Amino acid sequence: MEELENSINNPQRTQEKVLSNLLDTAKNTIYGREYHFKDIKNYRQFQKQVPLANYEDLLPYIENILRGEQNMLWPTPIKWFAKSSGTTGAKSKIVPVSTEGLEQCHYQGGRDMLALYINNYPDAKLFSGKNLSIGGSQENNFSNNKNGFYTANISAIVMKNLPFWAQFGRTPGLDVTMMNNWEEKIKKIAEITTEQNVTSLAGSPMWMLLLLQHIVREQKIEYIQDIWPNLEVFFHGSVSFAPYRPLFENLDRNNSLRYLEIFNATEGFFGLQDQKHDPALLLMLNYGIYYEFIPEKEFLLEEPTVLPLHEVELGKNYSMVISTNSGLWRYKIGDTIKFTSTSPYRFVITGRTKHCINVFGEDLFVEHAEKALSVACKKTGAILRDFTAAPFFYERQKKGYHEWLVEFVRSPHDLKEFTAILDKELGELNDDYASKRKENIAIEAPLVREMASGTFYQWLKRKNKLGGQHKIPRLSNSREFVEELLELQRNLQTEL
């Protein structure tokens, strides 16, 4: 806690030290020599000399590593590559993961997560039992490569390399955790863990919920505490918890379970919920990651304004740019956040630059969608399972609208009323949306389609994306995913 508080109290100095260490460590790499890291003395020089990078910009260096050429982006040998959590497109991105990235970032995040939890709840007894964590699968796609590279979801890489004492405290074993078949894995996890004293859970809400629902159904119980009476906390991340909370509460006797959010992505461990009653996440400044931020209005510009941490403002959307101890340099990861505090730096996740709708100038982000859907559910008695939305373009001179595909656990008593409330709430949350919807000036009323139960799950299954950190793209300017789901639903109805 003392080390953590030091970085919180000295944010600018901490970040300057991180940048200096990164540049000094990587100055003799191919990338470091190309952009003259050894000559950089401060942030402004760094900003001027080193270009902003997309994945495609770093891909040639990554491909060279896969061919056996080390010291490309980072000096220590790279053997692990994390698959990105994107769910659209057949080809996944793979991101290098260094030993330093594991130890100083991901594992430090885990240690700090436990320290903050114990600090907030001195009566905690989670160490008296096991932590049940659901990870992705390991896919040794490069097993025939003489260089011996491995690719997996970041959760699987973290679990595979955990120290022995951490392995001892978690369940199930790696043989089950690394299983590729999600449906077989969930049965095996349930079989093993229902005989153990599980005191904490960790993972993505979507996949953890499916496991808990399976256990409740198979064990013929009402609450998850009927199996694990000492269960006290769920550490969750990967997607917003808001849509899933009512579903967890249905399985939670007396709402006794504690929920703490983390922001642990493929590219690094960025944030932790450090306050009991504040959902905002503390930005972790001493994990070997240097942060920069692009303001919302410039997300899609080729040469946007880029700000260091000490120049951000409260209440504004920013896209994150990171330089890391795994060799990602000024990398635009696409996640968007909004700061709720600058002393210390706390933030909420608002979505992704690609997971928004801005075809008609409405700037609709996932944050707006989830809040509006939550209100619509509450007012119509609905419980949400999953959703996605995309724009629809009328032919000729007619206006467009947003098409929402929503899967419910419990349907609203009136879908038209649900749609009207959703539309109204989006306007309340987003002035740009409201102005475009006023008197249908640019956008017609949204269309909400109720999807058959299991449609989203079947899409993930058919794309071989069950488990791990895979998730549904919530919003998109493209209709590709929406059309895929509608076609899948038609096929499922035909099969039935």
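Strands E10 (residues 268-272) and E11 (residues 281-283) pair in the antiparallel sense over two bridges; two strands count as paired if DSSP finds at least two bridges between them. This is a predicted model, where local features need pLDDT of at least 70, side-chain atom pairs count only at pLDDT 80 or more, and totals for chains, interfaces and linings use all residues. Residues are numbered from 1 along each chain as its sequence is written, and side-chain values use heavy atoms, with hydrogens and water left out. Helices (H or I, at least four residues) and strands (E, at least two) are DSSP runs, numbered from the N terminus.

**Around strand E10**

- On its other pairing, E10 meets strand E9 (residues 258-265), again antiparallel, over four bridges.
- A hairpin of two residues takes the chain from E9 to E10.
- Gly271 turns up in both pairings: it is the bridge partner of Phe263, and its partner in E11 is Leu283.
- E10 is mostly covered, with five of its five residues buried; buried means under 20% relative accessible area, exposed over 50%, and partly exposed in between (1.4 Å probe, protein chains only).

**The E19-E20-E21 sheet**

- Three strands make an open sheet with mixed pairing, in the order E19-E20-E21.
- Strands E19 (383-392) and E21 (447-450) sit at the edges with a single partner strand each, so one side of each has no neighbour in the sheet.
- From one strand to the next, the twist averages 20 degrees (axes are lines fitted to C-alpha atoms, for helices over the stretch in contact, and angles run from 0 to 180 degrees between N-to-C directions).
- E19 and strand E20 (residues 401-410) run antiparallel and are joined by nine bridges.
- Thr388 stands opposite Leu405 in E20.

**Helix H14**

- H14 covers residues 415-429, 15 residues in total, and reaches 21 Å from its first C-alpha to its last, close to the 21 Å expected (1.5 Å times one less than the number of residues).
- Asp414 caps the N-terminal end, with a side-chain oxygen 2.9 Å from the backbone nitrogen of Lys416; a polar contact here is a pair of N or O atoms within 3.5 Å, where, within protein, one must be able to donate a hydrogen and the other to accept it, and residues adjacent in sequence count only if both atoms are side-chain atoms.
- The buried residues of H14 include Phe418, Ile421, Leu422 and Leu426, but also Asp423 and Glu425.
- Among the elements covering those buried residues are helix H13 (366-380), helix H15 (431-437), E20 and E21, with contact meaning heavy atoms within 4.5 Å.

**Salt bridges**

- There are 25 salt bridges in the structure, each a side-chain nitrogen of Lys or Arg within 4 Å of a carboxyl oxygen of Asp or Glu.
- Glu403 pairs with Arg479, the closest N and O atoms being 2.8 Å apart. This pair links distant parts of the chain, 76 residues apart: Glu403 is in strand E20, and Arg479 is in the loop between helix H16 (455-462) and helix H17 (480-495).
- Both ends count as buried: Glu403 has 1% relative accessibility and Arg479 has 14%.
- Within H14, Glu428 and Lys424 lie four residues apart, about one turn of the helix. Their closest N and O atoms are 3.8 Å apart, and both residues are exposed.
- Arg490 and Glu487 come at 2.9 Å between their closest N and O atoms, three residues apart in H17. Arg490 is partly exposed at 43%, and so is Glu487 at 36%.
- Shared partners join Glu403, Arg449, Arg479 and Glu483 into one salt-bridge network.
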